[in-house]
Amino acid sequence: MIRVEDLHKSFGEVKAVQGISFEADNGKITGLLGPNGAGKSTTLRVLYTVLKPDSGSATIDGVDVVTDSLAARARIGTLPHGSGLYPHLTARENIAYYAKLYDMPGEAIDDAVQKVIDQLDINDFADRRTKGFSQGQRTKVSLARSLVHGPQNVILDEPSNGLDVMATRSLRELIRQLKRAGKCVLFSSHVMQEVAALCDEIVIIAEGRVALHDTAEGIRNATGCDDLEDAFVKAIAMVEPAS
Amino acid sequence: MSTIRNVFVKEVTDNFRDRRTLLSALLMGPLFGPILFAFVINLSVKQSLSDASEPLDLPIIGSEHAPNLITYLESNNINIVDGPATREEAIDGVSNGDHDVVVVIPESFGEDLAEMIPATVEVITDQANTQAERETRRATRALREYGQQIAMMRLTLRGVSPMVMRPLNVDEVDVSTPSGRSAILLGMLSYFFIFALLTGGMNLAIDATAGERERGSLEPLLCLPVKRDHLIFGKIMAACLFMAISLSLSLICFHFTLKFMPLQELGMTPNFGPLVVLTAFLLLVPFALVGASLMTLVASFTKSFKEAQTWVSVVLLAPTMPILVVSILMVRPSTALMFVPSLSQHLLLVGLIKNEPLNMMHVAVSVGGTLIIGGLLTWICARLYRREGLLG
């Protein structure tokens with residue numbers, strides 16, 4: 001479970017996040033939806049402890065990401081935006097490297113790696129060096145290595161970026177699998193349809209604030225729009241520009 | 001600890017598969033020094049040997065006016081060859097590079113000599129042509145010696161001892177030993193070794209920092225439940241390993257190439273046997289920590305692989321500075337100097353090649369001081385990796 005409370009983060013003059021709060025429950029898929037530059041990535045980066053918040057707090061399964069960042073990181077699997085692989089290592093080696101750094105016991109690593117390779121259906125290219133992989137293949141391998149230790153919480157930053165239709169479909173299926181396994185899945189996107197198709201809860205973010213937090217149905221009702229895209233535009237307009 | 005080991009193993013495997021790293025670690029660094037060195041040595045041996053032993057082909061205009069002079073020159077290993085016909089042609093020939101040097105003997109030469117008027121001999125040369133310089137020097141020297149012989153004969157004829165012409169007898173006594181002489185040239189070696197060491201780890205140091213950021217693999221790595229200090233320690237240690245490999249290859253390479261260099265002909269007997277190779281390795285290898293951490297530090301500030309390469313190349317030159325200053329000022333090794341990395345390694349290595357006994361105090365300070373500075377730089381790297389601005 002992920003909980004964010006009144007999070008603030010500025011980069012110099014730019015106020016990226018100005019008081020974001022939400023909860024993402026186990027066994028649910030929560031989508032962070034917002035236009036480019038709304039503060040989605042900054043929020044997620046605070047959650048996976050690469051950034052420190054100026055104020056407010058965030059916890060993963062009750063573990064504070066600032067005061068106990070190492071323990072918080074151990075509870076999440078992360079796919080940061082534009083994740084890269086090591087081109088000279090095979091897909092399997094890339095995944096195994098992360099398994100080792102997650103401090104999994106040596107004898108369990110091979111099995112865990114094979115399991116996640118099966119789960120993501122990447123056996124075809126598992127033993128090839130990742131140099132020259134397609135975007136879809138790269139995303140799958142990146143995802144595999146962040147799931148290899150079976151984390152309870154999964155944070156994905158724009159995972160469907162650059163994926164074709166087939167790859168997007170299999171990614172959605174995987175996210176649903178994680179949900180069925182009782183995991184807490186939090187992912188960001190700027191594509192309304194994707195979020196609507198997948199998420200149990202939607203958090204619409206604009207100007208560094210939460211515009212709406214509800215189910216897809218609830219958002220339609222709150223904005224009075226039947227079309228989700230219209231609802232999205234209307235919800236964003238609810239947040240007045242900061243200046 | 002297991003994190004450091006895992007990162008270390010991964011970086012080493014990864015970079016052993018990277019052609020760029022392998023090329024610089026196993027080929028560029030170790031071979032650059034010996035090849036350049038062999039080239040310089042062979043060139044200087046050729047220069048110094050060619051002076052007297054090789055015959056000089058000298059075109060002379062008007063050789064019929066001075067038969068005695070020609071005989072003298074020929075007995076001094078100078079071949080008289082056909083050259084341009086007139087003085088004007090000779091000047092043209094020298095200025096456009098057809099001839100390096102031409103000697104012109106005027107018609108009046110014999111007459112002037114007989115009347116004891118200083119007889120003119122012209123040596124036509126081009127001062128701007130460095131290649132002609134040596135031949136000109138030899139021709140002028142031979143002519144001057146001939147003139148001196150005539151002067152001595154004239155004095156003797158008049159009953160004056162030729163010794164009046166030599167009031168001073170200047171005698172240089174060279175106390176340098178053959179190994180000592182070689183040390184001047186072999187002092188260059190220490191830089192080659194430090195250069196080889198640094199190039200060996202350069203690509204890895206860049207790849208592990210700026211490269212990792214450019215590929216986008218740094219952010220997911222930092223999301224793992226590991227201490228950032230451990231990540232950076234593992235990377236620096238992997239760079240150290242590549243540096244040590246490159247250094248040892250370079251030393252071994254020199255051990256073999258020195259055998260094929262005509263150093264004895266320069267009066268040098270370099271002391272570079274297997275034991276010296278091993279000692280040199282142990283003296284130089286602590287510098288790897290300074291090199292690896294310094295390169296990692298510099299590369300961490302840069303935004304891309306290319307930018308990192310530019311700045312890290314500056315680090316390649318940095319160790320030359322103290323060596324250069326000391327070579328110019330001719331400083332003797334002292335304990336205080338042993339605190340300066342690269343300089344202390346240079347001084348110890350020069351002593352080693354000169355066959356001087358190792359000063360254990362100096363060795364201890366050099367190794368200890370270098371490791372402390374390397375540790376300090378590593379610590380700064382670790383601090384830098386804790387900043388969130390690292391991701392850029």
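Two residues are in contact if their C-beta atoms, placed from the backbone, lie within 7 Å. By that rule, 24 residues of chain A are in contact with 19 residues of chain B. On chain B, helix H1 (2–16) and helix H8 (218–222) each supply at least two residues of the side that touches chain A; helices here are DSSP runs of H or I of at least four residues, and strands are runs of E of at least two, numbered from the N terminus. H1(B) gives the most to that side, with five residues.

This is a predicted model, in which local features need pLDDT of at least 70 and side-chain atom pairs count only at pLDDT 80 or more, while totals for chains, interfaces and linings use all residues. Residues are numbered from 1 along each chain as its sequence is written, and chains are lettered from A and ligands numbered from 1 in the order in which they are written.

Chain B has 15 helices and four strands. Its radius of gyration, taken over C-alpha atoms, is 31 Å. The C-alpha atoms of chain B fill a box of roughly 100 × 45 × 30 Å along the principal axes.

Among contacts in chain B between residues at least 6 apart in sequence, 76% join residues at least 24 apart.

Leaving aside neighbours within four places in sequence, Ile205(A) is in contact with residues including Ile20(A), Leu32(A) and Val210(A).

How values were computed: Rg over C-alpha atoms; globule rule 2.2 N^0.38 Å.
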